[in-house]
Amino acid sequence: MSDKNILDALLQQLPGHCVLTRPEELRPYECDGLSAYRQLPMVVVIPDTLEQVQDTLRLCAEHAVPVVARGSGTGLSGGALPLENGVLLSMAKFNRILDVDVHNRVARVQPGVTNLSISNAVAVHGLYYAPDPSSQIACSIGGNVAENAGGVHCLKYGLTTHNIQALEVLTIDGEQLTIGGSALDAPGYDLLALLTGSEGLLAIITEITVKLLPSPEIAQVVMAAFDSVDAAGAGVTAVIASGIIPAGLELLDKPAIDAVEKFIHTGYPQDAAAILLCELDGTQADVTAQIKRVNQVFRDAGAIDQQVSRDEAERQRFWAGRKAAFPAMGRLSPDYYCMDGTIPRKHLSHVLSEIGRMSAEYGLPICNVFHAGDGNLHPLILYDANKAGELERTEELGGRILELCVAVGGTITGEHGVGLEKINQMCVQYNSAELQQFHAIKAAFDSNGLLNPGKAIPTLNRCAEFGAMHVHHGELAHPELERF
Amino acid sequence: MSFESTLQERVKAAAETGTALSIQGNNTKSFYGRTTGGETVSLADHRGVLDYTPSELVISARAGTRLSELESVLQQEDQMLAFEPAHFGEAATLGGTIACAFSGPRRPYAGAARDFVLGANCVSGTGEWLRFGGQVMKNVAGYDVSRTLTGSLGTLAILTDIHLRVLPIAETEVTLQLDCDTATALQTCNALATRPLPLSAACHLDGRLLIRLSGMQEGVQSAIKDIGGDVLDDATAFWTQLREQQLPFFADERPLWRIAVAPASAALPLEGDTLLDWGGAQRWLKSDQPVETIRAVTAAAGGHATLFRGGDRGADVFQPLTSGLLSLHQRLKQAFDPAGILNPGRMYREL
């Protein structure tokens with residue numbers, strides 16, 4: 001099928017304003033939050049109605065044209081990167097909250113609704129939607145489901161997969177399926193789990209039922225300073241071991257503290273090698289008791305200074321530095337590259353010192369600002385894309401950090417997704433049989449491979465080529481494949 | 001030869017000859033699902049905790065590990081399986097529990113079995129040994145297969161090892177009882193659940209609403225004042241008997257139905273005796289009403305009905321799927337077990 005056939009078919013089927021084809025109209029869709037990768041799609045479709053989404057999918061299936069779904073385009077792994085020969089399907093116009101059911105603590109929302117607007121809409125009932133990725137002001141709930149987004153509070157409240165109850169989806173053939181339901185579970189396989197985090201490879205999400213939680217009576221933050229990253233890491237372990245699950249537990253290392261302090265004056269202690277931000281929430285009585293215990297635990301772990309937020313304004317100020325960390329890096333360096341590996345917490349000290357060593361080896365500075373409580377690292381590699389070869393070296397360093405995460409029993413992505421960015425590292429985390437199982441699952445939903453092809457799950461050939469470049473521990477990955 | 005490779009050989013051979021395999025731990029859950037045949041594959045001797053560092057909040061164990069052993073290891077460190085699984089027998093295994101996705105009274109407030117599964121190793125129907133997920137809290141690399149296997153009744157793959165997130169045992173646990181009818185109970189426990197209270201279970205039977213609170217001393221004490229009612233003595237025994245279906249309510253010859261609906265749904269017009277658990281989201285029904293009636297009434301309320309114990313085990317014990325979902329299930333079964341040898345028919349006749 002030529003490009004012209006699908007374009008004609010789309011223009012014939014859909015209202016003119018839903019189909020964008022001029023290069024200047026396509027430009028805003030050339031990348032998602034990972035702007036190092038750019039590609040203009042063949043066409044952008046922005047449907048107004050469910051029927052138009054169905055028509056688009058049916059036409060793509062009929063013409064064998066690939067489809068990449070997009071929410072707000074804030075993803076950090078290139079999951080919504082368009083395909084040159086494909087349709088970019090924007091769900092932006094599906095931006096309504098359809099129903100809030102207070103007694104059942106759920107809301108039905110369309111996929112283009114932003115994460116934060118759900119919490120804002122239900123705040124009047126004393127409820128909120130727990131997952132809070134840092135892009136929550138802009139990111140769409142549909143994208144959150146596709147990526148199984150996390151955030152600062154997942155240590156206590158879980159990821160997207162723990163906080164949704166049902167989905168309406170369309171298959172590539174335009175068939176509508178209801179996944180999950182109004183009960184807490186559904187008969188048959190747990191397709192809700194399978195679809196959450198499937199990065200647009202299995203189906204198109206058209207509606208989401210999210211779970212709502214009662215807003216805690218109060219939240220307070222303990223800010224603890226340590227004279228070494230190791231001591232701060234030990235503080236993290238000690239809090240968890242004491243039987244407390246903080247709502248959030250974040251670590252900033254010295255380079256991150258310095259960068260933040262230059263950017264906005266948060267009052268983080270300047271003599272600290274690392275600080276921990278430990279948020280506790282619940283009833284006033286519980287929070288007071290927990291703060292007392294956390295203070296003691298941090299003292300025992302060697303904290304050199306501790307402050308407790310006295311009011312909401314101070315809590316926000318403590319968090320402001322954490323939230324400003326990425327833009328603060330943007331001021332220090334022309335470009336930065338954010339990694340997203342997760343490791344078992346007990347290896348924190350080893351992994352951070354290895355990252356420091358690799359940073360020196362590559363001559364690229366790295367700051368660490370991350371979700372320490374759940375071992376989700378976000379090393380930020382500072383680089384300058386205008387210097388020849390620096391982006392390539394940055395990507396190589398990033399890749400090695402992810403491989404280190406896998407080597408200690410962790411994963412290449414905790415919450416940002418694989419997308420196109422980490423597709424090579426998937427070959428490190430999974431063997432051929434496991435990748436083949438993933439492909440078989442994909443084929444059960446999308447036998448012609450038209451939904452977001454080339455993302456999330458690498459082909460075995462791709463792994464063979466990648467393995468030829470990276471021989472791990474002297475072992476050749478995927479030895480069963482022929483080498484070309 | 002390792003346990004895994006022996007198991008792989010066995011599955012490969014069965015796939016070649018099309019021999020159905022019946023996967024078992026200690027066979028405590030044979031009452032559940034549809035009746036099936038097949039050669040027994042036992043995981044009972046594949047047992048033991050593989051890794052447990054309490055401060056990681058993760059435990060890894062072989063599928064044949066007894067649930068009681070796992071819970072006692074956790075209890076020594078003041079931790080627990082927060083989904084509070086039913087055992088249904090002293091010899092119950094972790095693998096069987098995860099394959100059935102059994103979650104107990106704490107489920108609506110703490111999460112279900114699948115919410116605590118971080119990873120699983122398994123042997124697929126083609127005899128491949130596969131590892132999905134892992135020992136970390138956050139992992140979005142690849143499809144979430146380990147959660148998908150949870151509750152799949154052994155029809156997709158044979159679980160060999162499981163990684164679970166665990167939680168600290170609460171400092172204090174108190175159960176309150178309030179006298180009220182069903183409608184008031186549903187209204188009360190769902191209104192309470194919209195407020196930041198340390199709820200950990202809510203059930204209604206015999207005109208009594210029982211509300212369990214778990215948390216720190218301070219928070220639980222203030223919630224007791226807030227909610228009122230009388231403190232129930234020997235509450236641990238009560239919740240265990242509820243979880244294990246040992247209360248007098250369950251000692252009844254009629255089939256036992258599990259009705260899953262939105263928690264605040266009004267009482268359903270069904271004949272028989274009902275016990276509300278999960279704050280109204282899971283309703284146990286003892287009834288002789290026809291299957292079709294129970295299914296239709298439950299579906300009309302937006303829920304689904306499972307013939308949990310008794311009745312015709314050769315018929316559909318789970319709510320039938322829509323044709324679109326059923327064919328997707330069949331394609332997924334095919335993707336994991338193309339020869340159709342793993343627990344065929346245990347979940348649905350067609351799988």
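Predicted model: local features only at pLDDT ≥ 70, side-chain atom pairs only at ≥ 80, totals over all residues.
**Chain A**

Chain A contains 17 helices and 18 strands. Its radius of gyration is 23 Å, close to the 23 Å that the globule rule gives for 484 residues, so chain A is as compact as a globular protein of that length.

Over all chains, the structure holds 38 salt bridges.

A further residue of chain A, R96(A), sits in the loop between strand 4 (87–90) and strand 5 (97–101). When neighbours within four places in sequence are left aside, R96(A) is in contact with V109(A), Q110(A) and V113(A). The C-alpha atom of R96(A) is separated by 19 Å from that of T74(A), and the two residues are 22 residues apart along the chain.

The size of an interface is often given as the accessible area lost when the parts come together. For chain B and chain A, the area buried between them is about 6400 Å², with 59% of it on carbon and sulfur atoms. K138(B), V140(B) and Y143(B) supply 16% of the area that chain B buries against chain A, which is more than any other three residues. In terms of contacts, 72 residues of chain B touch 83 residues of chain A.

Seven salt bridges are found across the interface of chain B and chain A, and the side chains of D190(A) and R114(B) meet in a salt bridge at 2.8 Å, N to O. The interface also has 27 residue pairs in polar contact, both residues being at pLDDT 80 or more. On the side of chain B that touches chain A, the largest share, nine residues, comes from helix 11 (residues 323–336) of chain B. By class, that side of chain B divides into 35 nonpolar, 20 polar and 17 charged residues.

**Domains of chain B**

The domain assignment of chain B gives domain 1 (3–168 + 328–336), domain 2 (172–243) and domain 3 (251–309). Between domain 1 and domain 2 of chain B, the C-alpha centres lie 31 Å apart, and the contact takes nine residues from domain 1 and ten residues from domain 2. These two domains bury about 770 Å² between them, 54% of it on carbon and sulfur atoms. P105(B), R106(B) and Y109(B) supply 68% of the area that domain 1 buries against domain 2, more than any other three residues.

Side chains of opposite charge can pair when their charged atoms come close. Across the interface of domain 1 and domain 2 of chain B there are two salt bridges, and R106(B) and E173(B) meet through their side chains in a salt bridge of 3.4 Å, N to O. Four residue pairs are in polar contact across this interface, both residues at pLDDT 80 or more. The side of domain 1 that touches domain 2 has five nonpolar, two polar and two charged residues.

**Salt bridges named in this report**

| Side chains | Distance, N to O |
|---|---|
| D190(A) and R114(B) | 2.8 Å |
| R106(B) and E173(B) | 3.4 Å |

Definitions and conventions
Residues numbered from 1 in each chain as written. Chains lettered and ligands numbered in written order. Heavy atoms only, no water. Domains from an automatic or database assignment. Contact = heavy atoms within 4.5 Å. Buried area = accessible area lost by both parts, 1.4 Å probe. Salt bridge = Lys/Arg side-chain N within 4 Å of Asp/Glu carboxyl O. Polar contact = N/O pair within 3.5 Å; in protein donor to acceptor, adjacent residues only side chain to side chain. Nonpolar A, V, L, I, M, F, W, Y, C, P; charged D, E, K, R; others polar. Helix = DSSP H or I, 4+ residues; strand = E, 2+ residues; numbered from the N terminus. Rg over C-alpha atoms; globule rule 2.2 N^0.38 Å.
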